[in-house]
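Here is a friendly briefing to read alongside the sequence and the 3D view. Please keep both open as you go through the points below.

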Amino acid sequence: MGLEAPCCFKLDHINIFKMDNFIFKADSLYCEDVNIRDIAEKYGTPAYIYSKKTLEENINRYKNAFSKKDNLICFSVKSLSNLSILELLHRNGFGFDIVSGGELERVVSAGGDPKKTIFTGIAKSEEEILNGIKKNILSFNIESESEMYRIESIASKENKTVDVAIRFNPEVDSGGHEYIKTGRKKDKFGIFLDQIIRFVEHISTSKHLNLIGLSCHIGSQIVDLNDYKITAKYIKRLAEEIDKFGIKLEFLDLGGGLGISYSNLDTPTPKELADIIEQELEDRAEKIILEPGRSISGNAGILITKVEYIKDKYLIVDSGMNDLLRPALYQAKHDICNIEKNTAESSEWNIVGPICESSDVLAKDFKMSAKEGDILAIKTAGAYGHVMSSNYNTRRRPPEILVDKDQYKIIRKRESYDDLFKNEMEIED
């Protein structure tokens, strides 16, 4: 096809997209109108706390982002999959981006519409594909030749014609960490540009596959909108090539990945992202799909944790990498604060958890005032927080609490030890 890298786009102005509703009132940290200490005393630590108001503000930023193009916002379930949160998104008209059969079941259980659900992921099993077909999802994003043939075979057995999209790899190097870059030729995701026409040719003659879209996702925690502009140019050129086959696409999916502020980083807004996409695709008739996750849920959540011990320069807390994996996995840095302001002198601490791994470090050389028994808030933990938690070291996963103005309710209970053991069976003699 002879696709060349389009020229770069210079972003002249970036708005600060990092407002949340975790604020100090009278030297105590509040979520909306609820004192965090009240939640800690009732539900203990560690615990995840979400602001409904922040979620709704972020939802509305996406709902109001596009001014011209027909669009569908499909929330990335992998970023925060609690049923109550998914139900809130569904009530606001959102669709969903899923990567497993389990996430599809979550969407359905939360009342979500399968016809607004896109199934991405490189290793879809036969069971997952069959379930997606039976639930009549919007589209499967095909990521390999073998997957294309597998979907076609299952659809044939079911005597169905299945809607699919091709997830292409635009060869764009973007994302906040090596592990969350997904759009390069060396990454495992998507189909390379020079292979796409072969896929289109096969689907166009298939009795059981119907090509309705193009899809891509270049990475996560992206703060340079140049990368989205380049990707939009690629998807437009591919759509023009597909036009030659007489195929009428229904949507162009630009994926997600818009970055947020974890400290004092200025980040682009959904409106600025939508403006670029609308500009590049203004002469295309397809619906635009975006798959945001972090930029909706990230700053809507915190993780609270108690200081159990102080040893030398270590603050040893009751939350670890089993509760919040990002610092250990990505070397991610979260802002952390004491939920009670005090006049004690600040010191530099290594904030570490209880897990028996040297990598169980939540923050290094972090300056703050703290003493044993204090409760800390790890900020911007609403995305890839609880969803990545585990039972490593036979630790119970923490509860999730949703705050709405001056009220709060638990939306996931803390696991019990019985929860941890209930699926294990005794060996009979």
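Ile 166 has Leu 214 as its bridge partner in E11, and six bridges join E9 (residues 162-169) to E11 (residues 209-215), two strands that run parallel. Strands pair here if DSSP finds at least two bridges between them; strands (E, at least two residues) and helices (H or I, at least four) are DSSP runs, numbered from the N terminus. This is a predicted model, in which local features need pLDDT of at least 70 and side-chain atom pairs count only at pLDDT 80 or more, while totals for chains, interfaces and linings use all residues. Residues are numbered from 1 along each chain as its sequence is written, and side-chain values use heavy atoms, with hydrogens and water left out.

**Strand E11 and its other partner**

- E11 is mostly covered, with six of its seven residues buried; buried means under 20% relative accessible area, exposed means over 50%, and partly exposed lies in between (1.4 Å probe, protein chains only).
- Strand E12 (residues 251-253) runs parallel to E11, and three bridges join the two.
- Leu 214 turns up again here, with Leu 252 as its bridge partner in E12.
- From E11 the chain crosses through helix H8 (residues 225-243) to E12, and this β-α-β crossover is right-handed; that is, with the strands pointing away from the viewer, the path from the first strand over the helix to the second runs clockwise.

**Strand E9 and its neighbours**

- Because seven of its eight residues are buried, strand E9 is largely enclosed by the rest of the structure.
- Strand E8 (residues 139-142) pairs with E9 in the parallel sense over three bridges, and Asn 141 stands opposite Ala 165 in E9.

- Ser 215, found in strand E11, counts as buried at 2% relative accessibility.
- Its side chain makes a polar contact with the side chain of Asn 141 at 3.0 Å; a polar contact is a pair of N or O atoms within 3.5 Å, where within protein one must be able to donate a hydrogen and the other to accept it, and residues adjacent in sequence count only if both atoms are side-chain atoms.
- Leaving aside neighbours within four places in sequence, Ser 215 is in contact (heavy atoms within 4.5 Å) with Asn 141, Ile 166, Arg 167, Phe 168, Asp 253 and Glu 291.
- Asp 163 belongs to strand E9 and is partly exposed, with a relative accessible area of 21%.
- Asn 210 in E11 stands opposite Asp 163, and the side chains of Asp 163 and Asn 210 make a polar contact of 2.9 Å.
- Not counting residues up to four places away in sequence, Asp 163 touches several residues, including Lys 115, Leu 138 and Phe 140.

**Aromatic rings**

- A search of the whole structure finds three aromatic pairs; rings of Phe, Tyr and Trp (its six-membered ring) pair if their centres lie within 6.5 Å, and planes under 30 degrees apart count as stacked, over 60 as edge-to-face and the rest as tilted.
- One of them joins Tyr 43 and Tyr 408, whose ring centres are 6.3 Å apart with the planes at 80°, so the pair is edge-to-face.
- This pair links distant parts of the chain, since Tyr 43 is in helix H1 (residues 36-43) and Tyr 408 in strand E21 (residues 407-412), 365 residues apart.
- Phe 119 and Phe 140 form a stacked pair, at 5.9 Å centre to centre and 25° between the planes.
- Phe 119 lies in strand E7 (residues 117-119) and Phe 140 in strand E8, so this pair ties together parts that are 21 residues apart in sequence; both residues are buried.

**Charges over rings**

- The charged end of Lys 341 sits over the ring of Phe 24, 4.7 Å from its centre; this requires NZ of Lys or CZ of Arg within 6 Å of the ring centre and within 35 degrees of the ring normal.
- Arg 396 lies over the face of Tyr 417, at 4.5 Å from the ring centre.
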